[in-house]
Amino acid sequence: MTCEEAAAALFEVYSDEHAVPGITTDTLYALLGTAVSELGPVGLVETTDVFSGLDSVEFPEVGACRWYAYRLALSFWYEGARSRPMAAGEAAAALALSGYALTSGAGRLDPGALARQVREGAARVPTAALLQLGRAVSADLARIPDPGGSGTWLYRRLLPDWLRIRHCLGLIRGNVSVPLPLVVRTDDSTYRIGTTPPPGPGNRWARPLRAQW
């Protein structure tokens, strides 16, 4: 199944209740299964033909379903593991941990350079610690709730320069799309940084504020 077919199928069962930031990948997968069962092979082809002619900007629900389909494709990128796009807070933390924000060229919006520095910074701490830092960054700078507050102590110790981390988050969330890697969770609940996937809809990489498992 292509991403466009998956998006078309999701569009058939999409409703306002699904337009929530915290919708899980398992919920999306269940919705996709329901839609495909209801449509059948012929119905899926016909629905995709119509759906492909719809504009994502003119119809926000269409754009949402295309991003959902992309997210599902990334989730099953690895056998024996689940994966998701690196969240913006995680990427900002990695960028701040690297040497990029300390250089004279820190303000230059070069997506390739930013991506390389994100990987460099991510390699400086265990991936599980980077995820905690990412939650703390998003809670502090984007007001994304982190009820457990598990990364607060690390955040204060490793990223004490508030202006620097804010600058890094601004670079990640800016107009230039940065090719961010996947975060991989294996079946034994260990984490690692994965490959950089192809861009999603609109030739842009995902950079969600919330971790989307």
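Buried here means under 20% relative accessible area. All views show a predicted model.

**View 1. Helix α5 and its buried residues.** Helix α5 covers residues 111-122, twelve residues in total. From first C-alpha to last, α5 reaches 16 Å, close to the 16 Å expected at 1.5 Å a residue. Its buried residues are A113, L114, A115, Q117, V118, G121 and A122. At the start of α5, look for D110. A side-chain oxygen of D110 comes to within 3.1 Å of the backbone nitrogen of G112.

**View 2. Helix α8 and its buried face.** I165, C168, L169, L171 and I172 are buried in α8. Down the axis of α8, these buried residues fall within an arc of 155 degrees, so they line one face of the helix. They pack against α4, α5, α6 and α7 (152-158). D161 caps the N-terminal end of α8. Its side-chain oxygen lies 3.3 Å from the backbone nitrogen of L163.

**View 3. G89 in helix α4.** G89 sits in α4. Its relative accessibility is 0%, so G89 counts as buried. Leaving aside neighbours within four places in sequence, G89 is in contact with G134, V137, S138 and L169. L169 is also among the buried residues of α8. C3 is 86 residues away from G89 along the chain, and their C-alpha atoms are separated by 26 Å.

**View 4. The second largest pocket.** This pocket has a volume of about 180 Å³. It is lined by 15 residues. The closest to its centre are E90, R135, L209, R210 and A211. Helix α6 gives the most to the lining, with four residues.

**View 5. S75 and its polar partner.** S75 belongs to helix α3, which spans residues 60-75. At 2% relative accessibility, S75 counts as buried. Its side chain makes a polar contact with the side chain of R82, at 2.9 Å. Not counting residues up to four places away in sequence, S75 touches T25, A81, R82 and S83.

View 6. S177 is found in the loop between α8 and β2 (182-186). Which backbone atom lies 2.9 Å from a polar atom of the S177 side chain? The backbone nitrogen of W205 does. S177 is buried, with a relative accessible area of 12%. Beyond its neighbours within four places in sequence, S177 is in contact with P111, R204, W205 and R207. P111 belongs to α5, which covers residues 111-122.

**View 7. Two residues with positive phi.** Most residues other than glycine have a negative phi. S189 is not a glycine, yet its phi is positive, at about 65 degrees. S189 is found in the loop between β2 and β3. Is S189 buried or exposed? At 52% relative accessibility, S189 counts as exposed. N203 also has a positive phi, of about 60 degrees, although it is not a glycine. N203 lies in the segment after β3. N203 counts as exposed, at 59% relative accessibility.

Note on methods: Residues are numbered from 1 along each chain as its sequence is written. This is a predicted model: local features need pLDDT of at least 70, side-chain atom pairs count only at pLDDT 80 or more; totals for chains, interfaces and linings use all residues. Side-chain values use heavy atoms; hydrogens and water are left out. The expected span of a helix is 1.5 Å times one less than its number of residues. Buried means under 20% relative accessible area, exposed over 50%, partly exposed in between (1.4 Å probe, protein chains only). A polar contact is a pair of N or O atoms within 3.5 Å; within protein, one must be able to donate a hydrogen and the other to accept it, and residues adjacent in sequence count only if both atoms are side-chain atoms. The arc is that of the directions from the helix axis to the C-beta atoms. Contact means heavy atoms within 4.5 Å. On a 1 Å grid over the protein atoms alone, a cavity is a set of points where a 1.4 Å probe fits but cannot get out, and a pocket is an open set with protein on both sides within 12 Å along at least five of seven lines; lining residues have an atom within 4 Å of a point. Grid points are joined across faces, edges and corners, and a volume is the space filled by probe spheres set on the points.
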